[in-house]
Amino acid sequence: MKQSEIFRENADNCAHLAEGAANEPAFHRYKRMEAAWRALADEQDWLDGDVSPSHISSAHAGNGRAAANSRKSDSAA
């Protein structure tokens with residue numbers, strides 16, 4: 001099994017945990033973890049030569065702002 005597939009399985013597990021989260025901060029935390037695992041999987045695909053670098057940068061455009069906004073909502077709760 002490729003490393004990127006393992007990362008995507010971890011992302012799927014985080015998505016499943018988000019569905020059953022007890023509260024909104026936990027939900028957002030799991031969703032951020034899911035996004036991080038998917039980003040790692042995409043990066044690993046690039047490192048393995050499976051995708052071009054332009055695919056990576058366009059797929060994750062804007063993620064930094066969303067993560068920063070999510071962190072604010074976690075600290076407020």
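Is Trp37 buried, partly exposed or exposed? The points below take up this residue and its surroundings in a predicted model.

1. Trp37 has a relative accessibility of 26% and therefore counts as partly exposed. The cut-off for buried is under 20% and that for exposed is over 50%.

2. Trp37 belongs to an aromatic pair, and its partner is Phe7. A search of the whole structure turns up one such pair. The ring centres of Phe7 and Trp37 are 5.5 Å apart and the planes stand at 40 degrees, so the pair is classed as tilted. Planes under 30 degrees apart would count as stacked, and those over 60 as edge-to-face.

3. Phe7 has a relative accessibility of 13%, so this residue counts as buried.

4. Phe7 sits in helix α1, which covers residues 3-19. Trp37 sits in helix α2, which covers residues 24-47.

5. As for the chain overall, the protein chain contains four helices and zero strands. Read from the N terminus, its elements follow the order α-α-α-α.

6. Of the contacts in the protein chain with a separation of 6 or more, 56% are between residues 24 or more positions apart.

7. The protein chain has 77 residues, and 22% of them are buried. Its accessible surface is about 5,200 Å². Carbon and sulfur atoms account for 54% of that surface.

Terms used. Residues numbered from 1 in each chain as written. Predicted model: local features only at pLDDT ≥ 70, side-chain atom pairs only at ≥ 80, totals over all residues. Heavy atoms only, no water. Phe/Tyr/Trp six-rings, centres within 6.5 Å; stacked < 30°, edge-to-face > 60°. Helix = DSSP H or I, 4+ residues; strand = E, 2+ residues; numbered from the N terminus. Buried < 20%, exposed > 50% of the residue type's maximum accessible area, 1.4 Å probe, protein only. Contact = heavy atoms within 4.5 Å. Areas by Shrake-Rupley, 256 points an atom, 1.4 Å probe, with all protein chains shown as cover.
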